[in-house]
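Please keep the sequence and the model at hand while reading.

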Amino acid sequence: MGSILKSKSFWLLATPLLLFGLYVALGFYAAPGIVRSQAIDFVREKYGRELTVGEIKINPLQLQAEIKDLSLPDTDGKPMLAFRRFFVDVELSSLWQRAFVFKDVQLDAPLTRAVIRPDGSVNLTDLALPDEEQKDEPLPALWIQRFALGDGTVQFADLARRVPLERQFTPVNFKLENFRTTPEGGAFGLTAKTQNAELLEWRGTFALAPLVSSSGDLAITRLNVPGALEVAGVELPFVIPQGELNLRGSYRVVLGDSTQLDVNLPQMQINGLTLRAQGLEQDYITMPTVVISDTKIAMPANTVSLGTIAAEGVKADVWTMADGTLNIDQLFAGAPAATTASDPAKPGQPAATQAAEAPWTLTVANVALRGAAVSYEDRAVNPVARFELSPLDVTATDASLDLTRPLPVKFDATINRSAKLTGNGNVVPEPFAADVDIDLAGLPLQALQPYANGTTDLTIRQGTAGATGKFSLAPAGAGRPELQFAGNATIADFKSIDNALEQDFLNFERVELSKLKFALAPDSLSIDRVRVVKPFARVIVSSDAVLNVSAVFDPQGTAAAVAQAKADQAAQAAAPKRKKSRAEIRAEKQAEAAAAQARKLAAAAPPPELKESGMPIRIREVQIASGTMDFADFSVQPNFAAAIESLDGSITGSSSDPNSRATVKLDGNVGEYSPVLISGTTQPFAYDRFTDITFKFENISLPVFNPYSGKFAGYNIAKGKLFTDLHYQIDNRKLEAQHKIRIDQLEWGEATASKEEATLPVKFATSLLKDADGVINLEIPVSGTIDDPSFRVGPIVWQIIKNILAKAVTAPFKALGALFKGAEDAQFVDFAPGSAVLNPAAAENLGALGRSLAPKPDLRLDVPIGTEASLDGAALAEARYLRELQTAMRKALLGNKGSDETTPVPEFATLSSEQKEKVLATLYTQLSGTAPVIPEPPEPADDVTHKEAKVQAEQARLAWLEKECRSRAVAEPRDLDQLGQQRGTAVQHALVTDTGLAPERVFFARDGKVAANEQLVRFELAVK
């Protein structure tokens, strides 16, 4: 035995065995403890933490090692790194392969917990050792035939956020096969799944030499978009509550001095994506499916190109809020601060390097929105206006990050399930601009009803709108209007009702706007032609005398005006009636005179220079075809109604330029046979500056105006025709109007109960105003200024007509004088006192009066029969005195021969005093029946001679006798009555002789007007 132990051969054989045994013993028994101790000591020394390690097995024979249940704690005591089992199998061939050859490496249930602490530090950085001198050494030769990571877990926590974020990925599986650190590299596969069933699948090759490179395929399934954005820390101005991303593609990457990357993603699909504003619970936009195809990413070219972005079934809820803003604006209310296009150079980084980097570019070949639905509500009006665009298809091409490039777009939409809207053009995203050709057809106008509520009192019953043309938007300061439309527009089958009256208000079959050009900022409007086909308008005056047009378009203002008018009427009715004083009447007249003078001076002032202000408007022509206007007046009883039908014509040259003129020519009919013509020129947007318009109405049947005649005249109209020629001229707010009115064969019918303003004997006035052909011609001029708030043409014309009637009634002979010259002067007939003889001029005037009355059977003439007591009594007394004097002269001078009246007698003045005394005494006895007793004359004066005294006594006796005889020779009543009858007969004879006036229309009136007029007796005739 000893010799064996001393034998060299033994030791040559035993030494390797002993060493092998030692190796095995150390490997199986000592090495695990050493590894454990060294690892725990290292972690304790370097990191100050207690590493926990489970079972460690080393198989030195198979070159295998296995470690179980290792855990490296974090500062909070939770595991930072851990695994359930780590197994490595080293190939003996590593000795002759001159490389570390690993047949199998397995890592089971590894755990990595990455934490961003509240201070922003990352827990994994705790594993970094102090920097040591870096040595540029080549990669060790390494060959891993198989590496498998199974059932791994990656935990991530960001505690630096306001709301801490935690995510976990499990299971994570990774396989690497036949990997070498030589250029051959190796193949790998990685799968990872989150707790939300999100799946990452990565397959490819990986090499570390000569450069780090990799290529392969990548697939992501059911990636939760909100979670991914949250983990990535991407801040968006809006919230994405949900959405899943699925993608699949290939890549190739090489890391060197510059990164070379090529990514090809044939398809990316996002499902169930929704958007909402920050802090709200309602989704504004829902995207069921978004497919992005043919995506290519390339570096260092820094390009991203997308083939098509197609979104299916997108739904958007948009509304205008009460403040006029859109809810969609809220999606960008929380937008992060904008960054500049290029970051400044980092310290220590050469500017040239930065400048060498190509900027990133993004191009999108096509963007398609298919089957979208946009619901829009305008909540700024009441009730809410609702519009729905569904389906909506939009296509855009050639998109890029250069937002200044025009983006070609096409769209096709259905509005409210009926209207069709299509468009084709270009859109520039930044600054936003657009030039799009649009075609809109069949837009229901009932959808616009909420915009009519409140400001009007009408309801749109039906109607559609359409437009074809170019729609443009431009940013401010672009040198062109911010909004433009050029094209044609139509409105068809429009009907509306007056809400208060529940009747049709404004209807038309069609309105065509040709070559329409509308712009905002700056504003302008031009239309080549407006064609209105079969328009219908109902104009109604209510029982409160309110025009329905005013009530419809200004309901609040009209209601206020009616309330004020009623209040004024009530106040006026309640106010005590009193007669104005002379001072008040004088003050009113002075105020009227001052106002008239002010208007005269204002009218005489030179007109101001006219300049166009506001939106320039140009309308070359407005055509009206087959129009109708219904007019009804409920302020009279019975109600009045009339219609203008077949209204045709045009208005040309309409412009807001105050120096322009528009030509108006319209014609129609009232009924079937009563034409209406409206013609002239005006400034339609400043009519008060210039207007020259004529209105002609012909052959209007007067009985249709019975409601007005009953109210204002007190009688219905049985017959008659109306012809009017109304001419209005306004020059610088000064009005000159001419009203030529012809009334033919007017006949009044029965009286009516209503006589509100019937204060004149209209039948009498009508008869007076008719000419020989039964026609009444009135010419009514009106002048004034429309600046006078009390100036209104209608009331003025009516007042003038009333004045004409009043004058006709109060001055009938003047009215009759318009028919025959002289008839006006026949009102007064003058007679010499005591005479019934007409002078030739009076006889001629009475003949003219008779001829003027002859064709007016409704009129009669009252002729007074009477005398004037003072003038006629004296004249008749003088005539009797002279007659009685002749008789007395015959008796006294001729005796019995005096009975023969053929015997002449001398003149009384030629008689002697004795003869005169004898004749006067005879006359006294003849008149009184007794002889006269002549009183003694007074004693003559002392200086009077006997002869002179005798003459004085004779003259005294003669004077007494003449006085007494004259006092007894007075006019008898029968003489006065006879004189009156003779005068009436003379007037009647002149009136009816050769004049055509029937004698039975001339009446003698004992109560007629007879009066003295400059020592003549005047008869005043009366027409009734």
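Two strands count as paired if DSSP finds at least two bridges between them. The model discussed here is predicted, and the residue pairs named below are to be read with that in mind.

**Strand 8 and its two partners**

Strand 8 covers residues 186–194, and because seven of its nine residues are buried, it is largely enclosed by the rest of the structure. Strand 7, residues 165–180, runs antiparallel to strand 8 and is joined to it by seven bridges; within this pairing, Lys175 stands opposite Gly189 of strand 8. Strand 8 also pairs in the antiparallel sense with strand 9, residues 199–207, over eight bridges, and here Gly186 has Phe206 of strand 9 as its bridge partner.

Both pairings are hairpins, and the turns can be described in like terms. Five residues lie between strand 7 and strand 8, and Gly185 in that hairpin takes a positive phi near 60 degrees. Between strand 8 and strand 9 there are four residues, and Ala197 in the turn has a positive phi of about 70 degrees.

Elsewhere in the chain numbering, an open sheet of three strands has the order 36-40-39, with antiparallel pairing. Its edge strands, each pairing on one side only, are strand 36 (828–831) and strand 39 (1009–1013), while the twist from one strand to the next averages 30 degrees. Strand 39 and strand 40, the latter made of residues 1016–1020, are paired in the antiparallel sense over five bridges, and Ala1011 has Arg1018 in strand 40 as its bridge partner.

| Strand pair | Sense | Bridges |
|---|---|---|
| Strand 7 and strand 8 | antiparallel | seven bridges |
| Strand 8 and strand 9 | antiparallel | eight bridges |
| Strand 39 and strand 40 | antiparallel | five bridges |

Methods:
Residues are numbered from 1 along each chain as its sequence is written. This is a predicted model: local features need pLDDT of at least 70, side-chain atom pairs count only at pLDDT 80 or more; totals for chains, interfaces and linings use all residues. Side-chain values use heavy atoms; hydrogens and water are left out. Helices (H or I, at least four residues) and strands (E, at least two) are DSSP runs, numbered from the N terminus. Axes are lines fitted to C-alpha atoms, for helices over the stretch in contact, and angles run from 0 to 180 degrees between N-to-C directions. Buried means under 20% relative accessible area, exposed over 50%, partly exposed in between (1.4 Å probe, protein chains only).
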